[in-house]
Amino acid sequence: MTKTTLLSKLLCRTLSVALDVLKGGFPAVVRLETTNACNAHCVICPHRIMRRPIAWMDEPLFARLIDECAASGCREVHLHNFGEPLLDKRLEQRVAYAKWKGIGKVKIFSNGSLLDSTRAQGLIEAGLDEIKVSFDGATKEEFESIRTPLKYDAVVQNIVDLVKMRDAARSSLVVRVACCSTTDKEATMQFLEQVVDDFSFGKLHNWADGGPPRENRIRKACSRLWRTFTVLANGDVALCCLDYDGQQTLGRVDNEHSIRDVWNGAPYREIRRRHKAARQSEIPLCANCTKSLL
């Protein structure tokens with residue numbers, strides 16, 4: 001056994017003990033992909049090569065999942081996954097329904113291009129708790145080269161207007177901006193940092209599609225498998241939010257199978273078991289995912 005393998009086993013075992021304690025019988029965060037459609041073709045995103053058909057989650061399924069989350073005490077629901085949530089024309093109604101059912105935190109992740117004053121007002125009135133806007137590039141030219149065909153000026157203005165409307169309504173909506181690709185962090189933050197509640201930078205990852213396993217890297221148990229639950233627009237349960245094509249599903253939520261059933265089912269247990277033993281190389285999507293490598 002190599003030193004790297006030994007360290008991976010020790011780290012995975014130690015981390016998974018803590019994750020088991022925190023896991024509970026129901027996921028802490030449920031992500032509902034109300035649509036996987038997107039109006040952008042970002043160079044840092046594999047949406048352009050996604051093979052899944054474009055779909056919208058039907059209303060009965062959405063309501064049933066929210067009802068189960070509320071009944072099970074789930075405090076956080078994200079109404080996004082691999083698409084632009086504002087392409088869902090029923091998004092405001094869905095936010096309002098989740099809040100009416102008692103979900104503590106309802107969040108969306110958006111590219112900001114469709115966030116005009118009408119949609120912004122609707123989301124504020126619906127009770128949305130948090131929106132995170134993806135924003136890349138240090139200049140107008142760099143932004144538009146990364147986030148084709150979005151327009152820098154329009155996205156910036158939408159964010160500014162949203163914050164103004166939020167403040168005027170005395171809403172508790174949290175507005176965040178996240179960046180993962182830029183040549184100059186200070187230039188990227190220069191204006192919006194003074195406007196939004198939080199501006200953060202993350203690292204680009206490989207979308208669980210980085211080629212053959214790298215055995216010389218220390219592995220860690222991925223907390224997503226113990227904390228988050230991702231339902232695709234058609235009701236399939238994806239391995240995680242990085243499984244953009246739904247290549248490895250762990251079940252399906254329908255009239256016969258609930259979130260709780262899938263969360264505690266054999267496929268999820270087997271995936272967690274392999275992560276506990278630092279055997280991620282046996283799981284195609286986890287084998288070389290940068291989120292599972294230290």
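Trainee: Is Arg-119 buried or exposed?
Mentor: Arg-119 is buried, with a relative accessible area of 10%. Keep in mind that this is a predicted model.

Trainee: Where does Arg-119 sit?
Mentor: You'll find Arg-119 in helix H4, which covers residues 117–126.

Trainee: And what does Arg-119 touch?
Mentor: Leaving aside residues up to four places away in sequence, Arg-119 touches Leu-86, Asp-88, Lys-89, Leu-91, Glu-92 and Leu-114.

Trainee: OK, switching to the sheet. What order do the strands come in?
Mentor: The order is S6-S5-S4-S3-S2-S1-S7-S8-S9, so that's an open sheet of nine strands, and the pairing is mixed.

Trainee: Which strands stand at the edges?
Mentor: Strand S6 (198–201) and strand S9 (249–252) do. Each has a single partner strand, so one side of each has no neighbour in the sheet.

Trainee: By how many degrees are neighbouring strands turned against each other?
Mentor: On average 25 degrees, with direction ignored.

Trainee: What packs on this sheet?
Mentor: Helix H6 (residues 152–168) does, touching S4 and strand S5 (174–179). The direction of H6 makes about 160 degrees with that of S5. Then there's helix H10 (residues 266–276), which lies across strand S7 (228–231), strand S8 (236–238) and S9. H10 runs at about 160 degrees to S9.

Trainee: Back inside the sheet, how many bridges join S3 to S4?
Mentor: Four, between strand S3 (residues 105–110) and strand S4 (residues 130–134), and the two run parallel.

Trainee: Which residue in S4 stands opposite Lys-107?
Mentor: That's Glu-130.

Trainee: Let's talk charges. How many salt bridges does a search of the whole structure find?
Mentor: It finds 24 salt bridges. Side chains of opposite charge can pair when their charged atoms come close.

Trainee: What about the salt bridge between Asp-167 and Arg-166?
Mentor: Those side chains meet at 2.6 Å, N to O. Asp-167 is partly exposed, with a relative accessible area of 45%, whereas Arg-166 is buried at 8%.

Trainee: And which residue forms a salt bridge with Glu-144?
Mentor: Lys-140, with the closest N and O atoms 3.2 Å apart. Both belong to helix H5 (residues 140–146), and because they're four residues apart there, about one helical turn separates them. As for cover, Lys-140 is partly exposed, at 32% relative accessibility.

Trainee: Last topic: the surface. Which residues form a nonpolar patch there?
Mentor: Leu-6, Leu-7 and Leu-10 do, and together they have about 250 Å² of accessible area.

Trainee: Where does Leu-10 lie?
Mentor: In helix H1, residues 3–23.

Trainee: Why does Leu-10 count as partly exposed?
Mentor: Because its relative accessibility is 44%, and partly exposed runs between under 20% for buried and over 50% for exposed.

Note on methods:
Residues are numbered from 1 along each chain as its sequence is written. This is a predicted model: local features need pLDDT of at least 70, side-chain atom pairs count only at pLDDT 80 or more; totals for chains, interfaces and linings use all residues. Side-chain values use heavy atoms; hydrogens and water are left out. Patches are made of residues with over 30% relative accessible area and no salt bridge: like charges are joined within 9 Å, nonpolar side chains (Val, Leu, Ile, Met, Phe, Trp, Tyr) within 5 Å. Accessible areas come from the Shrake-Rupley method with a 1.4 Å probe; for residues, only the protein chains shown count as cover. A salt bridge is a side-chain nitrogen of Lys or Arg within 4 Å of a carboxyl oxygen of Asp or Glu. Buried means under 20% relative accessible area, exposed over 50%, partly exposed in between (1.4 Å probe, protein chains only). Two strands pair if DSSP finds at least two bridges between them. Axes are lines fitted to C-alpha atoms, for helices over the stretch in contact, and angles run from 0 to 180 degrees between N-to-C directions. Contact means heavy atoms within 4.5 Å.
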